[in-house]
Amino acid sequence: MVTCPNLMGSCTGCGKAVYGEGRACRAMGHLFHDTCFTCCVCSEKLTGKPFYTVSGRIYCVKDFMYPGVHPSSEVCNSCGFLLMDMVLQARGKSYHPSCFCCVVCRQSLEGQQFTVDAESRVYCVSDYHKVKAPLCAACREPILPTEGSQGSIRVVSFDRNYHPECYRGEVNLI
């Protein structure tokens with residue numbers, strides 16, 4: 001029986017024998033040649049560098065960050081970039097907490113009440129009322145909820161909206 005000096009085992013990447021410590025690395029409990037431990041997208045050598053693994057495939061940090069590169073990537077519904085740490089779930093979709101914000105004031109809505117318009121745009125409650133509130137036919141100001149209230153009070157007459165204090169009850173018949 002012949003023994004080979006410095007034989008460390010077989011490379012997980014190529015299956016060939018690995019000789020000598022200076023040309024090999026261990027990662028994820030497996031042995032690799034330095035030349036075989038590479039990013040599956042760009043072939044960058046990853047020995048001594050940070051990397052990610054998804055479904056047995058190895059990625060450098062740069063390639064892992066691009067959406068659509070690996071099969072199980074979850075991307076933010078707002079910005080389209082990968083969700084790596086904190087994920088906010090709202091409306092059945094995933095977001096970076098900083099990306100889930102009001103379309104008007106751009107304030108984060110993490111942990112806040114929000115509402116959505118017919119085009120699926122997200123608003124803080126205050127801005128939604130300011131943008132979507134009906135205008136008073138008398139004073140032309142928006143009819144907003146009173147402070148601390150979630151709803152507004154308005155008078156509707158002949159398909160026109162009025163603040164209660166602006167409505168005069170006058171009817172002009174021609």
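## Positive phi in loops

Ser 43 sits in the loop between S4 and S5. The model is predicted. In this model, phi of Ser 43 is near 65°. That is a positive value, and Ser 43 is a residue other than glycine.

Met 28 also has a positive phi, about 55°. Met 28 is not a glycine either. This residue lies in the loop between strand S3 (24–27) and S4. Is Met 28 buried, partly exposed or exposed? Its relative accessible area is 37%, so Met 28 is partly exposed.

## Overall make-up

The protein chain holds 2 helices and 12 strands. Read from the N terminus, the order of elements is β-β-β-β-β-β-α-β-β-β-β-α-β-β. The chain has 174 residues. Of these, 28% count as buried.

Strand S1 covers residues 7–10 and strand S2 covers residues 17–19. The two strands pair in the antiparallel sense. The pairing runs over 3 bridges. Across the pair, Gly 9 faces Val 18 in S2.

How many residues lie between the strands of this hairpin? There are 6. Gly 15 in the hairpin takes a positive phi near 85°.

## Aromatic pairs

A pair of aromatic rings is described by the distance of the centres and the angle of the planes. A search of the whole structure gives 6 aromatic pairs. In one of them, Phe 37 and Phe 51 have ring centres 5.1 Å apart. The planes of Phe 37 and Phe 51 stand at 90°, so this pair is edge-to-face. The cut-off for that label is over 60 degrees.

The pair of Phe 37 and Phe 51 links distant parts of the chain, 14 residues apart. Phe 37 belongs to the loop between strand S4 (30–33) and strand S5 (51–54). Phe 51 belongs to strand S5. Phe 37 has 2% relative accessibility, so it counts as buried. Phe 51 has a relative accessible area of 28% and is therefore partly exposed. Ring pairs also bring in Phe 32: Phe 32, Phe 37 and Phe 51 are linked into a cluster.

Tyr 123 and Tyr 128 form another edge-to-face aromatic pair. Their rings are 5.5 Å apart, centre to centre, with 70° between the planes. Tyr 123 is buried, because its relative accessible area is 4%. Tyr 128 is partly exposed, because its relative accessible area is 24%.

## Cysteines

A disulfide is a covalent bond between the sulfur atoms of two cysteines. How many disulfides does a search of the whole structure find? The search finds 0. Cys 25 is in no disulfide. The nearest cysteine sulfur to Cys 25 is that of Cys 11, 8.2 Å away. With a relative accessible area of 11%, Cys 25 is buried.

Cys 102 is in no disulfide either. Here the nearest cysteine sulfur belongs to Cys 105, at 3.8 Å.

Cys 124 is placed in strand S10 (residues 122–124). Its relative accessible area is 14%, so Cys 124 is buried. Cys 124 and Val 103 are 21 residues apart in sequence. In space, their C-alpha atoms are 8.3 Å apart.

## The loop between H1 and S7

Glu 74 lies in the loop between helix H1 (61–65) and strand S7 (88–90). At 38% relative accessibility, Glu 74 is partly exposed. Met 84 is 10 residues from Glu 74 along the chain. The C-alpha atoms of Glu 74 and Met 84 are separated by 8.4 Å.

## The second largest pocket

The second largest pocket has a volume of about 160 Å³. Which residues line it? The lining is Val 125, Ser 126, His 129, Lys 130, Leu 144, Pro 145, Thr 146, Glu 147, Gly 148 and Ser 149.

By class, this lining has 5 polar, 3 nonpolar and 2 charged residues.

Definitions and conventions. Residues are numbered from 1 along each chain as its sequence is written. This is a predicted model: local features need pLDDT of at least 70, side-chain atom pairs count only at pLDDT 80 or more; totals for chains, interfaces and linings use all residues. Side-chain values use heavy atoms; hydrogens and water are left out. Rings of Phe, Tyr and Trp (its six-membered ring) pair if their centres lie within 6.5 Å; planes under 30 degrees apart count as stacked, over 60 as edge-to-face and the rest as tilted. Helices (H or I, at least four residues) and strands (E, at least two) are DSSP runs, numbered from the N terminus. Buried means under 20% relative accessible area, exposed over 50%, partly exposed in between (1.4 Å probe, protein chains only). Two strands pair if DSSP finds at least two bridges between them. On a 1 Å grid over the protein atoms alone, a cavity is a set of points where a 1.4 Å probe fits but cannot get out, and a pocket is an open set with protein on both sides within 12 Å along at least five of seven lines; lining residues have an atom within 4 Å of a point. Grid points are joined across faces, edges and corners, and a volume is the space filled by probe spheres set on the points. Ala, Val, Leu, Ile, Met, Phe, Trp, Tyr, Cys and Pro count as nonpolar, Asp, Glu, Lys and Arg as charged, and the others, Gly among them, as polar. A disulfide is a pair of cysteine sulfur atoms within 2.5 Å.
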